[in-house]
Amino acid sequence: MSNFNEIPTTFKSNFGLDHNIKHHTSSHTNITHTSTTTIQNIMTSSVPKLRYLSAWFCPYAHRATIALEHHAGLVDYEWVEGWEQRKDQNNVTGTGNEWWYHWKADELKRCNPSALVPTLIPIDEGGKPIESKSVYESLVTIDYVDAIANPSDENCKLVPSDPYLAAKCRIWADKVNRECCSPYYGVLVRTDEKERREHFDKLIDGLKAFSKEIENNKGNTFLGGGRLSNVDIALMPWAWRFYIFEHYRGPEYIIPYDKPELSAYKDWYDHVFSLKSVQKTLPDKDRYLHHIGKYADASARSKVANAVRRGVAAHELDDDKDTY
C-alpha cells in the first residue's frame, strides 16, 4: 500500500491532508474536486453533479467520500467544508483546547435539519444547487451516490441489483455501524475505564462477526471477489482510524489482528486500503491523531460526543438533547 507521501498533491489538497493549506475561511472558500474526473468526461457526458458539504476529519463524511471516489467519472462533485473556522474565544470545551469546527456554515444548517456532514446537494444543469433535494445520513449517501452513478458493470455497484443481496447489505451496513463504529466513541469519550473496556470489547465482537461473514463469503470484501459494497464502506473510515486507540488508551486497546477470529478482517483491511480510489481519501494519520485528542480527553463538543457523554451510543444521538 502506498504511503501518504505518495498520494498526489491534488488529493492532499482536496481532502484536507496538506498541512500548509488553509482548509477554512470566513467566506467558505470552496475546494473543488478535479482529481479523477477528467475535464473531458465532464464536457462530453452529462454526469450528475453535487455540492458536497463535508469535513476532512469526520469518518461519517468519509463514507460519502469513498463512494464518490469509487464512482469517479460517473459523478462529479465540489467539496465544501461544512464548518467555519473560528478561534474558541469562549472556551467552548472548558479545557482551553482549541475547537475550530464548532461553528457550522449557514448552508449546512439550511440543507440538513441536523446540520451534520455528509450532506449532498444536487446541482442543476444551470449550475445552481437544489437545496430542497439535499441528501444526508452517511449510510444513505452511499446508496444515493451509487444510484445516481448507475454503473453498467454490476461489480462496480455498491448496492447489488439482486433484491436479496441489497437487503442483506443494508442489514449488515446498519449492524457494522452499531457494533463496529459507534463503540469507537465509547472508548474515547467515556471516562470510566470499565466502560471504555466494555465498548472496546463490543467493538472487537463486532469485528469478529464481520470477519466471519467475510470468511463465509470466500473473498476479501463483504460480497466476495474484491467487490466493494456499502457494507465495506460503512466500516472503512473507522477501520482506518482504530490506530489512535494505542496512543490514547494504551497497548491493551490495540486491535488484535493476529487472532484467528480476525484473520479474514485483516485480509479485508489490507485489500480495501490498497485500492487507489480509497487511498486518495485517507486523512493524514498525524493530523487526525491530534484532532481526535478532543474526544480522547472528553472535551469534544459535537452531537456524537454529547450523545456518548450522556450514556447512549453514537448512533442514538438526539438533535434536541445533543445540541452544540
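**A guided tour of salt bridges and helix packing**

A search of the whole structure, which is a predicted model, finds 17 salt bridges.

Begin by selecting E78 and R51, which form a salt bridge whose closest N and O atoms are 3.1 Å apart. E78 lies in strand β3 (residues 76-81) and R51 in strand β2 (residues 49-54), so that the pair, 27 residues apart, links distant parts of the chain. Both residues of this pair, E78 and R51, are buried.

Next, select R178 and D174, whose side chains meet in a salt bridge of 2.8 Å, N to O. The two residues are 4 apart in helix α6, and therefore R178 and D174 are separated by about one helical turn. R178 counts as partly exposed because its relative accessibility is 30%; D174, at 34%, is also partly exposed.

Keep helix α6 (residues 163-189) in view and select helix α3 (residues 59-70): the two pack at an angle of about 135°, with their axes 12 Å apart. The angle makes α3 oblique to α6. To display the contact, select P59, Y60 and R63 of α3 together with N177, C181 and Y185 of α6. By class, these are 4 nonpolar, 1 polar and 1 charged residues.

Finally, select helix α8 (residues 230-241) and helix α10 (residues 263-272), whose axes come within 11 Å and cross at roughly 90°.

Methods. Residues numbered from 1 in each chain as written. Predicted model: local features only at pLDDT ≥ 70, side-chain atom pairs only at ≥ 80, totals over all residues. Heavy atoms only, no water. Axes fitted to C-alpha atoms, helices over the stretch in contact; angles between N-to-C directions. Parallel < 35°, antiparallel > 145°, perpendicular 65-115°, else oblique. Contact = heavy atoms within 4.5 Å. Nonpolar A, V, L, I, M, F, W, Y, C, P; charged D, E, K, R; others polar. Salt bridge = Lys/Arg side-chain N within 4 Å of Asp/Glu carboxyl O. Buried < 20%, exposed > 50% of the residue type's maximum accessible area, 1.4 Å probe, protein only.
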